[in-house]
Amino acid sequence: MISRRGVLGGLLAGVAAAPVWAETRPKARPGSDAARQRAAGPDAAALVAAANLGGATGLVVADARSGQVLEAVEPDTALPPASTAKTITTLFALERLGTGHRFVTQVLATGPMAGGLVQGDLVLAGSGDPLLDTDDLGDLVAALKGAGVRGCTGRFLVWDGALPEIDEISTDQPDYVGYNPAISGLNLNFNRVYFEWKRLKGGWGTSVDARGERFVPPVSMARVSVADRETPLFTYRNGQEAEEWTVAAAALGKGGSRWLPVRHPGRYAAEVFHVLARAQGIDLPAPALVGQRPSGQVLAQFGSDPLPDVLRGMLRHSTNLTAEVMGLSASGAGRLAASGSAMTEWAADRLGARGKFVDHSGLGAASRISAQEFVRALVAAQATPMAPTFKAVLRNLGAPEEGEEGLGGPVKVIGKTGTLNFASTLVGYIQPASGRELVFAILSADTKRRDGLSMAERESPPGGKAWLRRARGLQRDLLGRWAALYA
């Protein structure tokens, strides 16, 4: 089993909100109730009004042990959870899959080896590994070469049916954003290709590849051409031979790069494996995707990190693909909506929390849950066998990271952020060095303003950054208040 190496930082596919706590300095608890009230400042309702976010904000803070509500504003208003939905997905995956679960990508032979040739078909079979990258495939090929494989007498087959093939997580996002990827049983580089361009005399130089840290294979199943226009930024067409993109020349400057999504992940992984095999002297016929997993002898395999480590990375970087793979693997459903419904029912039955999840990442705008139900879920989670692992994989939101100063002060906050256009959410636990632990949920969204955006505005909406700053400021103020008053 080839061990997992570090995930490429440049491949992160989620929309991860930056930490919001750098300026928060909760005060030490004064001795009297009146003094604590003065230290805590304005109450939650006043803080919400001052943030001037429009739409609605629902919030609840409660005693983590008893669930007793200590402060609430619009606790029963159902709002989009955004990426905080990944906390429910984490619990769902831990219970259904188990902490020992690993995603395994295998190369099989349907016949014996003779003279370096597989006497039959060579098969690349995935199980949905959301972190598989080009270097991992390159290492699989190297393992084949080390075993003496030079080719096969039959076909090169590719099976990606461990999970359903889904074109995109949400239909209300622009085609070209990498955080809205396709999903299948073979996922590579978060199902994105690397597009690079450079201005040349009389035109443009462009390339598309599946780069890793050690391997940079070219890709032909996705093509990008430069069009002499200002808008739209990108167009996409699913052609018979390739996924075809055009990009507006006016937006390119002198040069640059970005990751673009692919909509046929199995085909993408098959091509990259084929190119890497040829580069290492293994001659294979053109790949063919098959609907049923062939049986055969395992020649090489690559295993993911254990489930808790994969979940920890998902929560830290908010990778949407990982969340959807986790949920689909846990539910066994054949469609994303059905899988979201399965998690919705599980959360109600197992955690007593009623909401609506249309997916597992929180990207779908139709997901809804109230702050009260979210707090109920987080309280109930502590009484389940998943509790120690769940709390261990939540991000320490106060720890310094990526140049941020961190929360500091006398409390530790673990949890998850969530960000959509005009939606900002935060859930988790406040853990003081001494005193009682708190559980909280803060959900803010102006859904009318969000729904009014054109498709072209949705990657960077007018007024979005200013709104998000106010929402994060509200979260900072609420955390500081609760730490001073209740913890």
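Colleague: With which residue does Glu459 form a salt bridge?

Modeller: This is a predicted model, in which local features need pLDDT of at least 70 and side-chain atom pairs count only at pLDDT 80 or more, while totals for chains, interfaces and linings use all residues. Residues are numbered from 1 along each chain as its sequence is written, and side-chain values use heavy atoms, with hydrogens and water left out. A salt bridge is a side-chain nitrogen of Lys or Arg within 4 Å of a carboxyl oxygen of Asp or Glu. The closest N and O atoms of this pair are 3.3 Å apart, and the partner of Glu459 is Arg258.

Colleague: How many residues apart are Glu459 and Arg258?

Modeller: Helices (H or I, at least four residues) and strands (E, at least two) are DSSP runs, numbered from the N terminus. Glu459 lies in the loop between helix H11 (447-451) and helix H12 (464-485), whereas Arg258 belongs to strand S14 (residues 255-261). The pair therefore links distant parts of the chain, which are DSSP-defined elements, and the separation is 201 residues.

Colleague: Is Glu459 buried, partly exposed or exposed?

Modeller: Buried means under 20% relative accessible area, exposed means over 50%, and partly exposed is in between (1.4 Å probe, protein chains only). Arg258, with a relative accessible area of 22%, is partly exposed. Glu459 has 36% relative accessibility, so the term for this residue is partly exposed.

Colleague: Which residues are linked with Glu196 in a network of salt bridges?

Modeller: The side chains of Glu196 and Arg211 meet in a salt bridge with an N to O distance of 3.3 Å. The network linked with Glu196 contains Asp209 and Arg211.

Colleague: What separates Asp309 and Arg312 in helix H6?

Modeller: The side chains of Asp309 and Arg312 meet in a salt bridge of 2.8 Å, N to O. Because Asp309 and Arg312 are 3 residues apart in helix H6, what separates them is about one helical turn.

Colleague: Which side chains are joined to Ser318 by polar contacts?

Modeller: Ser318 lies in the loop between helix H6 (307-317) and helix H7 (320-331), and this residue is buried, with a relative accessible area of 1%. A polar contact is a pair of N or O atoms within 3.5 Å; within protein, one must be able to donate a hydrogen and the other to accept it, and residues adjacent in sequence count only if both atoms are side-chain atoms. The distances are 3.0 Å for one partner and 3.3 Å for the other, and the partners are Ser83 and Lys86.

Colleague: Which residues touch the most other members of the largest nonpolar core?

Modeller: A nonpolar core is a set of buried Ala, Val, Leu, Ile, Met, Phe, Trp, Tyr and Cys residues joined through side-chain atoms within 4.5 Å. In soluble globular proteins, nonpolar side chains tend to be buried together. The largest core here has 105 residues, and those touching the most other members are Ile88, Val219, Tyr268 and Phe273.

Colleague: How many residues does the second, separate core have?

Modeller: Leu70, Val411, Leu438 and Tyr486 are included in this second core, which stands apart as a separate one. The number of residues in the second core is 29.
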